[in-house]
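Hi everyone, thanks for coming. Let's have the sequence and the structure up on the screen, and then I'll walk you through a few places in it.

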Amino acid sequence: MKYRRVDDRVPIFATPHTTGASMRTIVAGNWKMNKDLAGATGLVDALVEGAVSLPTNVEVVIAPAFPFLAESVIRARGSRIMVAAQNCHEKESGAYTGEVSPSMLKSIGVQACIVGHSERRQFFGESDALIGAKVAALLAHGITPIFCCGERKEERESGGHFQVVTEQMKGALGRFSNAELSCVVIAYEPVWAIGTGLTATKEQAQEMHAHIRSLLHTHGAEVAAAVPVLYGGSCKPDNAEGLFSQPDVNGGLIGGAALDAAQFAELVGIAGRLKSA
Ligand code: PGA
């Protein structure tokens, strides 16, 4: 595949990554395999309707399932809500039955794509190398990769969590230039906290986010300053305050609570309030 140069890319989110700019705050909803057409369009419409009262310092992203992406883009157009996919294939096109390529996503106006979610790693055997190839393909099309990493329960219990996240980051993102890395969004999602109701404490989140930031720092201060690191894993309005107030937590990747317009808007509101200081 022929990749376009970084410079050719269209700025993806409202605020382009620029050195010295204050860190962006993002709240993204991962709808997973939930909702039918009526449910998905109803949720997009409710969010769009409420979007005018959302804080303007937060970038708001929703990731509906593939069949509803095009319709979601159309309904969200003109609002502050950006539409992401939950996965993609790493190739441009071809005989890959059932798969969806970044160029297809681009053609319908999708602006971001979650990659390497722990459910993809666990149930679909995705490796760091494959995830890295997907990140490369997305970058080539000017789609923001939201790269997920995070340890399993037993890995945390044995004290290996920093090592696991280091290896996931190096394995998937080690190949990219600083300019490319600066276009990535990272989501730290401890697997034991996803959909379980358990959440990392704000201290656990902050220390892992600081670790991720230090890994980014090895590529230079400008990379560390450009890449937002979101927290994900049972993040809800009643625990978001502690998590979002941490200095290295730049917002959240939200599963369950993103399926409800009021809860999701509340999370955006909390992020906006805490990050406006
Ligand atoms: P959860 O999911 O908020 O339901 O734990 C988060 C995610 O998997 O992105």
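Let me start with a term: a residue is buried when its relative accessible area is under 20%, exposed when it is over 50%, and partly exposed in between, using a 1.4 Å probe and the protein chains only. Please keep in mind that this is a predicted model, where local features need pLDDT of at least 70, side-chain atom pairs count only at pLDDT 80 or more, and totals for chains, interfaces and linings use all residues. Residues are numbered from 1 along each chain as its sequence is written, and side-chain values use heavy atoms, leaving out hydrogens and water.

So, first stop: serine 234. With a relative accessible area of 11%, serine 234 is buried. You'll find serine 234 in the loop between β7 (229–232) and α11 (237–244); helices here are DSSP runs of H or I with at least four residues, strands are runs of E with at least two, and both are numbered from the N terminus. Its phi is positive, near 55°, although serine 234 is not a glycine. As a reminder, most residues other than glycine have a negative phi. Lysine 35 is another non-glycine residue with a positive phi, about 80°. Lysine 35 sits in the loop between β1 and α1 and is partly exposed, at 35% relative accessible area.

Now to the ligand. Which residues come nearest to the ligand? Of the 13 around it, they are Lys32, His117, Glu189, Gly195 and Ser234, where being near means having a heavy atom within 4 Å. For polar contacts, we look for pairs of N or O atoms within 3.5 Å. The side chain of histidine 117 has an N or O atom 2.6 Å from an oxygen atom of the ligand, and for the side chain of glutamate 189 the distance to a ligand oxygen is 2.6 Å. Glycine 256 uses its backbone: an N or O atom there lies 2.8 Å from a ligand oxygen. The ligand on its own has 280 Å² of accessible area, and the protein covers 97% of that; these areas come from the Shrake-Rupley method with a 1.4 Å probe.

On to salt bridges, meaning a side-chain nitrogen of Lys or Arg within 4 Å of a carboxyl oxygen of Asp or Glu. How many are there by this rule? The count is 14. One of them joins lysine 32 to glutamate 119, with the closest N and O atoms 2.8 Å apart. That pair links distant parts of the chain, 87 residues apart: lysine 32 is in the loop between β1 and α1 (37–50), and glutamate 119 is in helix α4 (residues 118–124). Another joins arginine 24 and glutamate 59, at 3.0 Å. Arginine 24 lies in the segment before β1 (25–30) and glutamate 59 in strand β2 (residues 58–63), so this pair ties together parts 35 residues apart in sequence. Arginine 24 is buried, at 6% relative accessible area, and glutamate 59 is buried at 6%.

Last stop: helix α2 (residues 69–76). Its buried residues are Leu69, Ser72, Val73 and Ala76.

Terms used. A polar contact is a pair of N or O atoms within 3.5 Å; within protein, one must be able to donate a hydrogen and the other to accept it, and residues adjacent in sequence count only if both atoms are side-chain atoms.
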